[in-house]
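User: I have a structure here and a few quick things to check. Can you take a look with me?

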Amino acid sequence: MKDVMITGARPTGALHWGHYISVFKNLSKLQNDFNTFFVVSDVHFLTTKTTPDQIKMIKPNTIKMILDLIAIGMDPINTTFYLQSKAPSHGNIYYLIQNFIDSQMLYNPSIIEMEKHSKTKPSLGLLAYSVLESADILGIGAKKVPVGFDNIEHVNITNKIIDKINTTFGSDIQKPEAIISAETTKLIGTDGYEKMSKSLGNSINIGDSREILVKKIREMKWNDDENHNALLQYTKLFDLNKYQIFREKGRDATKEIKDFLIENFSKENYKFENRVAPYKEDENLIIELLKKGSEIAEQRYLKMFQNLKNILGMWDLTK
């Protein structure tokens, strides 16, 4: 029997190349080796987006995100896609396990990073979202969790919760392991300074049209500080030899680099489009994937919820 692996994302719409390089490129290779689950974190979405207009976007954003995931190689045959809110036992697990971790543990680097770009104080849900993700991981019975460098703390918090329960109640709940590929890295945005992000307007999105792609790359600037030179960093994604050549040429190679990047991003986009074409024609195919996947996930969460109640020795009215 294959080990369970879980990953997921909030339904905020189109994926970008930062997502692809940091997690999903590696995940698309790993998915066949595991019983793979992908959670569409619509409850987690509410930790920062609570207006009616924002909540209305969950459906179209989810469909777009899953189309992008299929485009970059996540195969619906090998990966179970499900909606977090359609597995209600997940919420019950969340309520239980939040009592087994110190609140000081929750103020993690991801929240600090989000606060930098926000004018409002974090919601209670946002402060505790690491526990929400722990419920994802623990509840589905995951042994492996592919993460980017900036999200490994969620796996660590999950393991702290499990350690607390195991130590207190003499149980043997398995602890998950984070998977970080040797290739995993943070991809800087087209501005060369911040991490690639849709909200910062510095992303190259999966499925960008050629017109949009050309515009974004043509507007990029050469930077003599290589740490902030997105042109050179993107070249590395496709050809290390070209990267060395362009690096030696320096600023004079700017136009040549941009032509190279347009050509190679376009080639990848063509592959993406071929993979996703059948699903683009009928969004009901995506909805059916989510319905079936959510039923499978709920059964796993319900089983773990019942197991946790037994471990804690909670009162069962049927006995």
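Analyst: This is a predicted model. Starting with Thr 190, that residue counts as buried, because its relative accessibility is 17%, under the 20% cut-off.

User: Where is Thr 190 found?

Analyst: Thr 190 sits in the loop between strand E5 (177–179) and helix H10 (210–218).

User: And what does Thr 190 touch, leaving out residues up to four places away in sequence?

Analyst: Its contacts are Gly 201, Asn 202, Ser 203, Ile 204, Met 220, Ala 230 and Tyr 234.

User: Switching to helices. At what angle do the axes of H5 and H8 cross?

Analyst: Roughly 120°, with the axes of H5 (residues 89–97) and H8 (residues 129–140) coming within 9 Å. The crossing is right-handed.

User: Which residues of H5 meet H8?

Analyst: From H5, they are His 90, Ile 93, Tyr 94 and Ile 97. On the H8 side, the partners are Val 131, Leu 132, Ser 134, Ala 135, Asp 136, Leu 138 and Gly 139. By class, this contact has 7 nonpolar, 3 polar and 1 charged residues.

User: Next, H4. How many of its residues are buried?

Analyst: 11 of the 14 residues in H4 are buried, so the helix is mostly covered. Among them are Asn 61, Thr 62 and Asp 68, along with Ile 58, Met 65 and Leu 69.

User: What span should H4 have, at 1.5 Å a residue?

Analyst: H4 (residues 58–71) should span 20 Å, and its end C-alpha atoms are 20 Å apart, which agrees.

User: What follows H4?

Analyst: Gly 73 does, with a positive phi near 115°.

Key:
Residues are numbered from 1 along each chain as its sequence is written. This is a predicted model: local features need pLDDT of at least 70, side-chain atom pairs count only at pLDDT 80 or more; totals for chains, interfaces and linings use all residues. Side-chain values use heavy atoms; hydrogens and water are left out. Axes are lines fitted to C-alpha atoms, for helices over the stretch in contact, and angles run from 0 to 180 degrees between N-to-C directions. Helices (H or I, at least four residues) and strands (E, at least two) are DSSP runs, numbered from the N terminus. A crossing is left-handed if the near helix is turned anticlockwise from the far one by less than a right angle, and right-handed if clockwise. Contact means heavy atoms within 4.5 Å. Ala, Val, Leu, Ile, Met, Phe, Trp, Tyr, Cys and Pro count as nonpolar, Asp, Glu, Lys and Arg as charged, and the others, Gly among them, as polar. The expected span of a helix is 1.5 Å times one less than its number of residues. Buried means under 20% relative accessible area, exposed over 50%, partly exposed in between (1.4 Å probe, protein chains only).
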